[in-house]
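Good morning, and thank you for coming.

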Amino acid sequence: MDKPNSFELTGPEFIPSQYDHHIVRKLSSMVGQYLDIEAYQEILAKDDLVLYEVYEIKRPEVAGELLHGVSIVHPGKVGQEYFMTKGHFHTVLNTAEVYYCLKGQGMMVMETPEGDWAIEELYPGRVLYVPPRWAHRSVNTASNSDLMTFFIYPGNSGHDYGTIEQQGFRKLILEEAGQPKVIDNPRWKAPGAR
Ligand code: 6PG
Ligand code: NI
């Protein structure tokens with residue numbers, strides 16, 4: 001039987017004092033997600049940049065467990081579009097997630113399979129509840145600081161990346177005149193068109 005477990009998650013670095021996996025996601029894993037395909041190719045030709053990292057505490061992937069860890073999206077842009085996570089639905093659609101923003105500045109872009117969408121700001125101290133059924137993607141809108149969040153979600157959730165890889169998110173976050181701006185994704189596939 002498991003024993004209760006504690007670890008430290010303290011600033012300014014917010015790297016958990018204990019973790020089991022360190023996942024590093026690079027530009028090359030985001031084919032087709034950024035609006036500006038030329039800018040994407042151009043950066044990739046020079047360097048397969050690290051866009052974000054995840055520190056995970058390992059727990060059994062079963063209902064009743066809670067998976068948790070820290071997500072770090074680095075600052076940067078592809079064309080005018082900010083660095084962001086791949087984003088996903090949970091495979092078990094009816095599972096929620098909680099995010100607590102530790103550091104930085106950003107937005108969570110969310111949508112349902114029906115095409116409803118929502119965007120919530122993230123800044124230190126902010127708690128975000130992502131209800132069941134909502135796909136989620138973190139976007140770092142700061143120019144030179146990491147976006148760091150602590151997340152918790154059910155052990156049986158799983159990750160469905162394929163749906164977003166195919167249809168995209170309905171909304172994208174681009175920089176315009178130095179400010180984040182929400183635009184419609186011209187390549188988004190609406191529910192009827194999938
Ligand atoms: C999850 C969480 C979160 C997420 C990271 C990286 O369900 O695992 O939403 O930990 O995995 O922020 O984002 P991607 O999983 O979309 O690459
Ligand atoms: Ni998730």
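Is Arg133 buried, partly exposed or exposed? With a relative accessible area of 32%, Arg133 is partly exposed. The terms are set as follows: buried is under 20% relative accessible area, exposed is over 50%, and partly exposed lies in between, with a 1.4 Å probe and protein chains only.

Let me state the basis of the talk. This is a predicted model, in which local features need pLDDT of at least 70 and side-chain atom pairs count only at pLDDT 80 or more, while totals for chains, interfaces and linings use all residues. Residues are numbered from 1 along each chain as its sequence is written, chains are lettered from A and ligands numbered from 1 in the order in which they are written, and side-chain values use heavy atoms, with hydrogens and water left out.

I stay with Arg133 and turn to salt bridges. A salt bridge is a side-chain nitrogen of Lys or Arg within 4 Å of a carboxyl oxygen of Asp or Glu. By this rule the count comes to eight salt bridges. In one of them, the side chain of Arg133 meets that of Glu114 at 2.8 Å, N to O. Arg133 lies in the loop between β9 and β10 and Glu114 in the loop between β7 and β8, so the pair ties together parts that are 19 residues apart in sequence. Glu114 is partly exposed as well, at 45%. Another salt bridge joins Lys171 and Asp184 at 2.3 Å, N to O. Here Lys171 belongs to strand β12 (residues 171–176) and Asp184 to strand β13 (residues 179–184), so parts 13 residues apart in sequence are tied together. Lys171 is buried, with a relative accessible area of 13%.

Next, the strands. Strands are DSSP runs (E, at least two residues), numbered from the N terminus, and two strands pair if DSSP finds at least two bridges between them. Six of the eight residues of strand β11 (residues 147–154) are buried, so β11 is largely enclosed by the rest of the structure. Strand β3 (residues 66–73) runs antiparallel to β11, and eight bridges join them. Strand β6 (residues 97–103) also pairs with β11 in the antiparallel sense, over five bridges. Thr149 in β11 stands opposite Ser71, and Thr149 is also the bridge partner of Cys101. Elsewhere, β7 and β8 form a hairpin with five residues between them, and Gly115 in the turn has a positive phi of about 95 degrees.

Finally, the metal site. Which residues are the protein donors of the nickel ion (ligand 2)? They are His88 (NE2), His90 (NE2), Glu97 (OE) and His136 (NE2), lying 2.1 to 2.2 Å from the ion. Donors are N, O and S atoms within 2.8 Å of the metal (3.2 Å for Na, K and Ca); water is not among the atoms, so sites may look incomplete. His88, in the loop between β5 (81–82) and β6, and His136, in strand β10 (residues 135–140), are 48 residues apart and link distant parts of the chain. Both His88 and His136 are buried. Ideal angles for six octahedral donors are 90 or 180 degrees.

Key
Helix = DSSP H or I, 4+ residues; strand = E, 2+ residues; numbered from the N terminus.
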